[in-house]
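Please brief me on this structure. I am new to it and would like the main points on its sheets, pockets and aromatic rings.

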Amino acid sequence: MSRYIGYFGTYTKEESEGVYQFTLDTETKEITEVKLAAALDNPTYLTISNDNKNLYAVSKEGEYGGITAFAIQPETGELAKLNNQASKGSAPCHVSVDSTNSQVVTANYHTTKIESYLTNDDGSLKPVVSVIEHEGSGPHARQEKPHMHFAGFTPDNQYIIAVDLGSDRIITYATDNGNLKEVHVHKVTSGSGPRHITFHPNGKFAYVMTELSSQVITLHYDEKDGSFTEQQYISTLPEDFAETNDASAIHITSDGKYLYSGNRGHNSIAVFQVDQESGLLTFIEWTSTEGNWPRDFVLDPSEKFLLVTNQKSNTCTLFGRDEATGRLDLLQAGVKVPEPVCVKFLGE
């Protein structure tokens, strides 16, 4: 394909109005046609079903926070609202859908909860099935209570992994028809503030981005019981960088050879090579995101491009990706996007 459709999740505190749609033209190597796709309050994080039929967005409606389900028009990418599920309190900060599009799970930074939903045949959401509240804290000033920042599915769909920035824990839940049961807890270094996790395509390794200490943790994953074993901590920053940095997103290529992580403050993408036998990381380079506060980034479906959202400069930046070396080359900077947070592509 020469054109890929994608979506931006945004804050709507200033000029943004909701979820925005855009097009990546792989021939001209540019982002075009940025336009409002769905008016929604603070749809900061999005996820798309594997079959490209549904998009789920965290959302806020008055005093209620939850998720909104959309149907995706296959030719144009236009969004049609199906329904939403919400409860009193803050909106979640993360949402994931399993590979069969039968279960959706959210993580809530403010309320300490993760919530599980089942879907109807059209992708709309049934009422919440399971709500888990967490306890705990950490030594950092931002760790006064649990702050659930990620909830998503293991590659085999056997477990849900919740990442708690507030108590430095990675929690594994078994899921039975939407009902969650804790089966394992892994404690990382105190004060590191784990934010997001991604899995190697071989299912044996996982990588956790720590927001507060700006590190990537390499973990061995045991699919038999959902447990993790630490193998490596590696910094995402230069040794001489002394300013504030909040590490953000983390993604790995589908061949498992390269891993990318985002730095808010240093305003860069850190590139790592992955050892296929051990899973361990070797640093390659930092690339400036040409904007302020890179909250998220994504590889396009061909993985020849990488797109970054710069939240505080209201822009996105497009890079070309060398598939042989993993390195990034700037193609397009300063593309206007209001208050961008999350970015996702429709698959091929």
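Four strands form an open sheet in the order β3-β2-β1-β28, with antiparallel pairing. Its edge strands are β3 (30-39) and β28, each of which pairs on one side only. Direction ignored, neighbouring strands of this sheet are turned by 25° against each other on average. The model is predicted: local features need pLDDT of at least 70, side-chain atom pairs count only at pLDDT 80 or more, and totals for chains, interfaces and linings use all residues. Residues are numbered from 1 along each chain as its sequence is written, and side-chain values use heavy atoms, with hydrogens and water left out.

**Terms for strands**
- Strands (E, at least two residues) are DSSP runs, numbered from the N terminus.
- Two strands pair if DSSP finds at least two bridges between them.
- Angles run from 0 to 180 degrees between N-to-C directions, with axes fitted as lines to C-alpha atoms.

**Strands β1 and β2**
- Six bridges pair β1 (residues 3-10) with β2 (residues 18-25) in the antiparallel sense.
- Opposite Tyr 7 stands Gln 21 in β2.

- β22 (residues 268-274) is largely enclosed by the rest of the structure, because six of its seven residues are buried (buried is under 20% relative accessible area, exposed over 50%, partly exposed in between, with a 1.4 Å probe and protein chains only).
- β21 (residues 258-264) runs antiparallel to β22, joined by six bridges.
- Tyr 258 has Gln 273 in β22 as its bridge partner.
- Three residues lie between the strands in the hairpin of β21 and β22, where Gly 265 takes a positive phi near 125°.
- β23 (residues 281-288) also runs antiparallel to β22, with seven bridges.
- Ala 270 has Trp 286 in β23 as its bridge partner.
- The hairpin of β22 and β23 has six residues between the strands, and Gly 279 there takes a positive phi near 85°.

**Pockets**
- A pocket is an open set of points on a 1 Å grid over the protein atoms alone, where a 1.4 Å probe fits, with protein on both sides within 12 Å along at least five of seven lines; lining residues have an atom within 4 Å of a point.
- Grid points are joined across faces, edges and corners, and a volume is the space filled by probe spheres set on the points.
- The largest pocket holds about 1,400 Å³ of space.
- Its lining has 39 residues, and Thr 47, Asn 50, Thr 198, His 251 and Lys 344 lie nearest its centre.
- That lining comprises 18 nonpolar, 17 polar and four charged residues (Ala, Val, Leu, Ile, Met, Phe, Trp, Tyr, Cys and Pro count as nonpolar; Asp, Glu, Lys and Arg as charged; the others, Gly among them, as polar).
- The second largest pocket holds about 480 Å³.
- It is lined by 24 residues, with Tyr 11, Thr 44, Cys 93, His 110 and Arg 295 closest to its centre.
- β16, β24 and β28 each give two or more residues to this second lining.

**Aromatic rings**
- There are seven aromatic pairs (rings of Phe, Tyr and Trp, its six-membered ring, pair if their centres lie within 6.5 Å; planes under 30 degrees apart are stacked, over 60 edge-to-face, the rest tilted).
- Phe 272 and Phe 283 are edge-to-face, 5.9 Å centre to centre with 70° between the planes.
- Phe 272 is buried, at 0% relative accessible area, whereas Phe 283 is partly exposed, at 30%.
- Phe 283 and Trp 286 form a tilted pair, 4.1 Å centre to centre with 45° between the planes.
- Phe 8, Phe 22 and Phe 345 are linked into a cluster by ring pairs.
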